[in-house]
Amino acid sequence: MNALEIRGLTRSFPGFTLGPLDLNLPGGCILGLVGQNGAGKSTTIRLILNSLRRDGGSIRVLGLDNQDAAFTQLKNDIGVVLDTANFPETLTLKHIAALMRGSYTRWDEARFNELVQRFGLPENKKFRDFSRGMQQKLAIACALSHQARLLILDEATAGLDPLVRDEILDLFREFVADEEHSILISSHISSDLEKICDYIACLHQGKLLFTAEKDALLEDLALWQGSAEQLEELADEAIVAVQQQPYGVTALVKRAEMPAGAQLEKPRLDDVFLFVVKQQGKGACGK
Amino acid sequence: MKALVMKDLHVLRATLKYYLFLIMVFTLAMRSAGSIFIILYTAMLPYTALAYDERAHFELQATAMPYSWRDLVLSKYILGWLGVIVSLPISIAIALLCQYLGWGPFYIEQQLSALFSGVMLLAVCLPVMFRKGVEVGRVLNILMVLVVCTVAMMMFALLGEIIGNAVLLWLVVAAFAAAVSVASVKLSEKWYKKRIME
């Protein structure tokens with residue numbers, strides 16, 4: 001079963017239109033949502049949570065339409081971390097734990113305490129005195145402590161140092177070890193997405209530029225460098241996107257269409273994202 | 001929903017000392033009549049809780065949790081109703097103390113009128129706060145304190161003449177407050193949902 005199915009989703013604001021958007025998140029997988037600021041990632045997440053009105057399309061979360069009355073209770077199965085943790089400033093960790101305990105039917109106090117200890121979060125400090133990293137860690141601890149089946153993470157690792165980020169990515173990997181668990185994660189930090197995602201969806205100015213299986217995407221594509229004359233000799237179907245450099249050109253190419261012996265480099269997700277966004281090459285490398 | 005009310009009580013703990021200070025000031029300044037302000041002030045507790053929520057954008061967190069729109073708005077009403085109910089005996093005790101000290105007579109009607117006004121203030125102001133935000137709502141609240149209290153006094157005088165029986169009068173008033181509160185919760189739910197989802 002797909003953990004998430006989005007079909008023809010649209011939402012318009014003055015000066016910005018999201019969609020139409022089609023996305024699938026298969027059960028047991030991690031889907032990374034990558035895109036610039038204002039691309040529509042947070043809007044998509046709020047639409048999934050039904051905390052924003054949609055203009056058209058449909059969203060099914062864990063098999064249920066998110067406008068169904070039962071969706072409120074289904075939120076027990078969804079762990080959410082937003083780009084900023086949104087708790088009133090005078091609350092302490094104990095108060096937030098009490099709020100969560102009283103809100104989620106399957107709140108796991110032992111798991112929460114374990115994560116709080118692991119993250120080194122202070123018990124009696126007020127939330128306003130937490131650093132941004134601490135606030136995010138607390139939000140992640142909450143999301144992982146009510147036996148959710150789906151995690152929705154909006155820039156969850158932003159503001160965390162690389163060591164902690166790595167530790168948290170391990171927690172996310174552990175989470176999807178259970179095939180009934182899935183994660184939708186949006187992030188600017190494409191190295192994080194590259195480490196943990198099974199699928200990548202790229203949003204740009206509200207439109208889905210591509211969605212692809214990450215490993216296949218990075219294996220099928222390659223970076224090629226050469227002169228403008230050498231580029232002319234390449235087959236058109238091999239070239240996905242081109243960037244002019246001071247001493248030649250760099251191109252994102254389809255490995256299978258390149259001549260034998262061509263010097264190719266494996267791209268990073270960042271490279272693919274930058275090339276595709278700059279080229280606006282919708283459909284060039286996706287399915 | 002109990003967890004949401006408890007959350008608000010934790011949030012408000014820091015401001016409760018200011019409430020105690022205001023109670024003392026009003027009691028000393030206005031003697032017996034000042035005790036009714038305790039009830040009217042506690043009716044404003046949900047506005048402060050809502051202001052903390054707004055500052056933290058708690059609505060983004062809350063709408064990701066297993067709460068309906070009704071739960072989210074009703075928790076604020078319950079906080080306000082709890083406030084006025086708990087403050088009623090305190091207000092009566094202070095008024096009785098004032099009477100004992102010779103600072104003025106005690107009339108239970110005064111306290112019951114304040115209770116009714118507190119409930120009505122919540123019913124009138126909370127929908128506006130959920131629709132327009134706390135800042136706009138607070139301005140309205142200042143105006144509504146005068147309007148609601150004046151209308152309440154006129155209503156009691158008029159109904160007192162028509163009904164005659166004091167017990168029956170208070171039952172009619174309680175039924176009216178309950179009906180207005182139910183309508184107010186429904187309106188708050190509709191307006192809050194509209195504000196957040198747009």
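Across all its chains, this structure holds 21 salt bridges, and since the model is a predicted one, treat our tour as a walk through a prediction.

**Stop 1: a loop-to-loop pair in chain A.** Select E89(A) and R128(A): they form a salt bridge, with the closest N and O atoms 3.6 Å apart. E89(A) sits in the loop between β6 and α3 of chain A and R128(A) in the loop between α4 and α5, so the pair ties together parts 39 residues apart in sequence. R128(A) is partly exposed, at a relative accessible area of 44%.

Stop 2: Now pick R165(A) and D192(A), whose side chains meet in a salt bridge at 3.0 Å, N to O. Buried or exposed? Both R165(A) and D192(A) are buried.

**Stop 3: over to chain B.** Select E189(B) and R70(B), a salt bridge with its closest N and O atoms 3.1 Å apart. Helix α8 holds E189(B) and helix α5 holds R70(B), so this pair links parts 119 residues apart in sequence.

**Stop 4: where the chains meet.** Show both chains: 23 residues of chain B are in contact with 27 residues of chain A. Then select Q61(B), P66(B) and M197(B), which supply 25% of the area chain B buries against chain A. Finish on R53(A) and E198(B), a salt bridge across the two chains with N and O 2.9 Å apart at their closest.

Terms used. Residues are numbered from 1 along each chain as its sequence is written. Chains are lettered from A and ligands numbered from 1 in the order in which they are written. This is a predicted model: local features need pLDDT of at least 70, side-chain atom pairs count only at pLDDT 80 or more; totals for chains, interfaces and linings use all residues. Side-chain values use heavy atoms; hydrogens and water are left out. Contact means heavy atoms within 4.5 Å. Buried area is the accessible area (1.4 Å probe) that two parts lose on being put together, summed over both. A salt bridge is a side-chain nitrogen of Lys or Arg within 4 Å of a carboxyl oxygen of Asp or Glu. Helices (H or I, at least four residues) and strands (E, at least two) are DSSP runs, numbered from the N terminus. Buried means under 20% relative accessible area, exposed over 50%, partly exposed in between (1.4 Å probe, protein chains only).
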